[in-house]
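Please open the model in your viewer and keep the selection tool at hand.

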Amino acid sequence: MPSARPRLLYVTDLAYPARGRRYGDEDVLLTSRLRADFDLALCHPLDAAALMDAFDAVVVRNSGPVLGYQDAYEAFRERALRDGVRVYNPLTGRADMAGKQYLLDLGAAGYPVIPTVDRAEDLHLLPAADRYVVKPKLGADSRGLEIVTPDRLPALADDDVLVQPFVDFAYEVSFYFVDQDFQYALSAPDPGRRWQLQPYEPTPADLDFARRFIDWNTLAYGIQRVDACRAPGGELLLVELEDLNPYLSLDALDAGTRDAFVAATTRSLRRFLTG
């Protein structure tokens, strides 16, 4: 059982050069607030496995794409599951935590997802487009992503990549949840500037869209971000369901929304530690 004042190992790569984001600033801000309720130590993701036994739980936050340290991450994950270490978000996520296969699975199940295939023989299932996006199944932060013409697809499509039509969307919008509770939404009005965000007031239909994916993922605890684009027909399509280490863009929030998010995260962590 956790101590009266729980000890958290907070995993972050403060120096990761994220495009358009400052991982270090966000994690310094969040940990400065969480210290009111928890004893915290920050560590790099490569050090987490060696340190985690001394803490009540491990909180994985802005740790960067695990593609850069895949073997170390797999070793951390295997040991945490074997030894019953509490990891937040829990390691049972079915979305980005497990790769990009979920985009294929959700599409096949009829969810509103950007059309996606992973085999050359399925390319005919995609709508015709002038350009296509090809990205690794285990990619993150646009690593390995290419935008190509149709003639290049047969040579590129294999089981290790996903192929999607390049959608000329109006804007991107992200919905942020703690456990199953919606917290806030942010939009990127300029498709070319993904991380220049502004507050977004979702409609009931928007929230129903986002909650479908939160419900599908079945995580009892944790922080999730549902990324979507507004397609030319006006509908929302899922771009990504981030359930491992979603960047939160806390600097884009007003003080009241940020305070409410920190309070919700604190409550979630306390439930997680005692649940």
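**A tour by selection**

Begin with Gly110, which follows helix α4 and has a positive phi near 90 degrees; helices here are DSSP runs of H or I with at least four residues, strands are runs of E with at least two, and both are numbered from the N terminus. This is a predicted model, in which local features need pLDDT of at least 70 and side-chain atom pairs count only at pLDDT 80 or more, while totals for chains, interfaces and linings use all residues. Residues are numbered from 1 along each chain as its sequence is written, and side-chain values use heavy atoms, with hydrogens and water left out.

Now select α4 itself, residues 101-108, where the buried residues (under 20% relative accessible area, with a 1.4 Å probe and protein chains only) are Tyr102, Leu103, Leu104 and Leu106. Among the elements that cover these buried residues are β7 (161-165), α6 (204-217) and β12 (236-242), where contact means heavy atoms within 4.5 Å.

Next, select strand β11, residues 223-230: 8 of its 8 residues are buried, so the strand is largely enclosed by the rest of the structure. Ile223, Arg225, Asp227 and Cys229 point one way, whereas Gln224, Val226, Ala228 and Arg230 point the other way.

Which strands pair with β11? Strand β8 (residues 172-178) does so in the antiparallel sense over 7 bridges, and β12 also runs antiparallel to β11, joined by 6 bridges; two strands pair if DSSP finds at least two bridges between them.

Finally, select Gly234, which lies in the turn of the β11-β12 hairpin and has a positive phi of about 100 degrees.

Terms used
Buried < 20%, exposed > 50% of the residue type's maximum accessible area, 1.4 Å probe, protein only.
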